[in-house]
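Here is a model to read through by question and answer. Each answer sets a value against the rule behind the word.

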Amino acid sequence: MSTRDTRHLVRRAAAVAAALAVAAILVWQAITAGGVPDPTAPNTPLGSAVLDIGVLVFREGLECILVLAAITSSMVGSSKSYRRPIGAGVGLAFLATLLTWRIAVGILNSLTDNVSALHLQVITGLIAIVVLLVVMNWFFHNLYWSGWISLHTKRKRELLKSTDADAASPRTERRVLLGLVMLGFTSFYREGFEVVLFLQNYRLKLGGPPVLYGVGLGLFLSTIVAILTFVANRRLPYKKMLVVT
C-alpha cells in the first residue's frame, strides 16, 4: 500500500471516529439531559448563548473572507487597484445587512400582534433550516464549496479580460468597476443575509443583548482573520477552520 493510500485510510478512519464521537455525545445527552440542550432555551447561561451566536457569525465571516481572498489573490502589481471597488462593495453589503436586520426585526415585530410567539419561532426556525440545508450541502459536497468561489473568480476574470481588450474605453472601465463592486457586495451580503435570518430565532427567545454580544464576538474574531489575510498576507487553513467552527 502506498503512502498516499495510507493517508487516505487514516483520514477516513479519523472522520468515522469523529462522527461516532459526536453520535455518542448526542446519545449521552439524550439519556442524561432528557434531550439535546437548546442554546436558545430561556435558562441558558449568557456566556453559552453569546458563544453560540459568536461561533455562528464567525463561521459565516470565515466563508466570506475565503471567497474574497480567492478573488483578490491574483490582484497584485498594476491590478492591485481593483481591490478598492471590491472593498467598496463589501462596505455597501455591510450597510445592506444592517438594513436587512432592521427590516426583518420590523416585520417580525409586526407579526407578533397577529401570530403567537411560538408560531413565529416555528416560522423563523423552518426558514433557517432551509438555509442550513444549503450550508450543509456545501459541507458534504465540494461542488457547493468550489462552485461558489469559482463563480466569483470566473466573473472577476471576465471583467478584467474586458478591461485588457478595451482599456481606453471609459464605458468599459465603469462597467468593470461596477462589476467588481457587485462581486464584493454579493460575497459579503450572502453571508450577512444568512446571519440575519439565523439570528431572528435567537432574538425572539433570548432578547437583544445576547445577540448583540455574540455578533460583536463573531465580528471581532472575523476582523482578526481579515487583518491577517488582507493586511499581513497570511495564508490560513480556512477550510479546516470552517470545519472546526
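This is a predicted model: local features need pLDDT of at least 70, side-chain atom pairs count only at pLDDT 80 or more; totals for chains, interfaces and linings use all residues.

Q: Why are α2 and α3 called roughly antiparallel to each other?
A: Helix α2 (residues 46–72) and helix α3 (residues 83–111) pack at an angle of about 160°. Angles over 145 degrees count as roughly antiparallel, and α2 and α3 are therefore described with that term.

Q: How far apart are the axes of α2 and α3, and which hand does their crossing have?
A: The axes of α2 and α3 are 11 Å apart, and the crossing of α2 and α3 is right-handed.

Q: Which residues make the contact of α2 with α3?
A: From α2 come L68, I71 and T72, and from α3 come R83, I86 and V90. These residues divide into four nonpolar, one polar and one charged.

Q: Why are α2 and α7 called roughly parallel to each other?
A: The axes of α2 and α7 cross at roughly 30°. Angles under 35 degrees count as roughly parallel, so the term applies to α2 and α7.

Q: What else is known of the packing of α2 and α7?
A: Their axes come within 7 Å, and the crossing of α2 and α7 is right-handed. The residues of this contact divide into 20 nonpolar, seven polar and no charged.

Q: How much space lies in the second largest pocket, and how many residues line it?
A: About 860 Å³ of space lies in the second largest pocket, and 33 residues line it. Nearest its centre lie V57, F94, T97, F188 and L219.

Q: What makes a residue part of the lining of this pocket?
A: A lining residue has an atom within 4 Å of a point of the pocket.

Q: Which helix gives the most to the lining of the second largest pocket?
A: With ten residues, α7 gives the most. At least two residues each are supplied by α2, α3, α6 (170–206) and α7 (208–230).

Q: How do the lining residues of the second largest pocket divide by type?
A: The lining has 19 nonpolar, ten polar and four charged residues.

How values were computed. Residues are numbered from 1 along each chain as its sequence is written. Side-chain values use heavy atoms; hydrogens and water are left out. Axes are lines fitted to C-alpha atoms, for helices over the stretch in contact, and angles run from 0 to 180 degrees between N-to-C directions. Helices (H or I, at least four residues) and strands (E, at least two) are DSSP runs, numbered from the N terminus. Angles under 35 degrees count as roughly parallel, over 145 as roughly antiparallel, 65 to 115 as roughly perpendicular and the rest as oblique. A crossing is left-handed if the near helix is turned anticlockwise from the far one by less than a right angle, and right-handed if clockwise. Contact means heavy atoms within 4.5 Å. Ala, Val, Leu, Ile, Met, Phe, Trp, Tyr, Cys and Pro count as nonpolar, Asp, Glu, Lys and Arg as charged, and the others, Gly among them, as polar. On a 1 Å grid over the protein atoms alone, a cavity is a set of points where a 1.4 Å probe fits but cannot get out, and a pocket is an open set with protein on both sides within 12 Å along at least five of seven lines; lining residues have an atom within 4 Å of a point. Grid points are joined across faces, edges and corners, and a volume is the space filled by probe spheres set on the points.
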